[in-house]
Protein chains: 2
Amino acid sequence: MEKKLSGPDETETRTGEPIGFKPLYAQVRERLMRRLVDGDWTPGMLLPSEMELARQLNVSQGTVRKALDSMTADNLLLRRQGRGTYVAEPEESRMLFQFFRLSPDQGSPSFPDSRVLSTGKAKPTRTEIASLKLEKTDEVFRIERIRSLSGQPILIETITLPAGRFPDFDHLTIIPNNVYRLYSERWGITIGSAEERLKAISASSRDAVKLGCHIGEPLLLISRVARDLEDRPVELRWSRCISRDIHYAVNLR
Amino acid sequence: MEKKLSGPDETETRTGEPIGFKPLYAQVRERLMRRLVDGDWTPGMLLPSEMELARQLNVSQGTVRKALDSMTADNLLLRRQGRGTYVAEPEESRMLFQFFRLSPDQGSPSFPDSRVLSTGKAKPTRTEIASLKLEKTDEVFRIERIRSLSGQPILIETITLPAGRFPDFDHLTIIPNNVYRLYSERWGITIGSAEERLKAISASSRDAVKLGCHIGEPLLLISRVARDLEDRPVELRWSRCISRDIHYAVNLR
DNA sequence: AAGTGGTCTAGACCACGTG
DNA sequence: ACGTGGTCTAGACCACTTA
């Protein structure tokens, strides 16, 4: 049995905390989030039932449900009627919709293959320091790779990782296609959100060679900052993408 | 008092409808949506209280709340504690975040000015027919305009509207900056969602002249299909945007 | 003081999946 | 048959707004 949460109970009314009040379900969510962050609950794992969690946390089932529903809405949990509630896994099929917005103009989206061009440790640039909130003395790993859809190279991307959060990254022999699964399995880092900025640029001579396009051809520049469950920036990614037969899709609601 | 909704009541269990069952709150949402679609409730209007709606629809307050919450999540309603529930209005401040994703690289986002270049009625292109689900015999209105941020032209856009849904569009003397408010006030059409596709293209000579950039300069091409509350396509928009000091921002969760 | 939405609880039943 | 999440209800109290 865990410590009782603050909030209405037998002896104290909610009025006891006039400022900074958080609803019970938000406190429950924070507790459950902590278990994810601390790695008590790992991807794929079955959570205790709503009733069991309600008993553990001394709240009603409805309050637990509200917290679980909100985490499910953020793609952190997966609920299946009759089975239970699971920690979401970074499988390709989900990532394809959540974090990969490029689709062929005709046909359905699919996950591109990757070929690593280079890896290495380096001092961060000013942009990397700002985006990843680093100190000037920190170091970073950089990976450059080409990604292809059905044999055709479509983009070249540079991934920057803070060395401090990815110990022994340079000991890796292979870098898998789905790096978010790697971050999760190897370092327990779950990517929870990302912010992307798009611009149109001209292909440099180097990009043109690697991508097999003309110098000056317009490319979609996508710069992404990915964040962990505690909202700390974890990855910076610059993608230069040929958009002749491919587009970046966004749904606005 | 309205007709009773299907679902559990005194005499009949939910098992009575084995196929195509919809939860009560979804049926309630559909009923409330209909009032928006039919114009019974117009932007800015105060809705009846939860208790009043629950009485009208013969369901509990909690079920009404679930429907109202879901519509609020879709930016269709606005709930204010102590005041009531209001129909959302297409004000600039909200549209800026919901449907306008361009921001200056430095500084905060703001709504660009517009200058109309041309308007007219025409036969739709194949693309317009496909995007707006038109018949070949239908007609469309087209507006072309330049949009500027602090005096600098940043994009040129072509808006296509199905003539059938915007009667007397060509009688308009001026076209306001915020056309979604115009659609709402003049024709009762509320834009509820939109899908955008982005590509990188080269500025044509015409674009270059209008935007004051070089021919061949990379531009962000944004094609948008906007849909009404019943999910029917209502507007097609092609924007060609200078992205030198501006980016398109997306949050992924 | 009265009315609104926001939170929390408790209990009932349903739909789904597994044994 | 049993346990899970999903839905629905009823009632209590809290926080905010207006009068």
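Reader: Which residues come nearest to DNA strand C?

Author: This is a predicted model, where local features need pLDDT of at least 70, side-chain atom pairs count only at pLDDT 80 or more, and totals for chains, interfaces and linings use all residues. Residues are numbered from 1 along each chain as its sequence is written, with chains lettered from A and ligands numbered from 1 in the order written. A residue is near a strand if its C-beta atom, placed from the backbone, lies within 6 Å of it. Of the 25 residues around DNA strand C, those that come nearest are Leu24(A), Gly62(A), Thr63(A), Gly82(A) and Gly82(B).

Reader: Which elements of chain B each supply at least two residues of the surface near DNA strand C?

Author: Helices (H or I, at least four residues) and strands (E, at least two) are DSSP runs, numbered from the N terminus. Chain A brings α1 (24-37) and α3 (61-73) to this surface. From chain B come α2 (50-57) and β2 (84-87).

Reader: How many residues of chain A are in contact with chain B?

Author: Contact means C-beta atoms, placed from the backbone, within 7 Å. On the chain B side, 26 residues take part. On the chain A side, the number is 26.

Reader: Which strand gives the largest share of the side of chain A that touches chain B?

Author: β7 (191-202), β8 (218-228) and β10 (246-252) of chain A each supply at least two residues. The largest share is 10 residues, and it comes from β7(A).

Reader: What is the bridge partner of Leu252(A) in β7(B)?

Author: Strands pair if DSSP finds at least two bridges between them. Five bridges join β10(A) to β7 (residues 191-202) of chain B, and the two run antiparallel. In β7(B), Leu252(A) has as its partner Ala194(B).

Definitions and conventions: Two residues are in contact if their C-beta atoms, placed from the backbone, lie within 7 Å.
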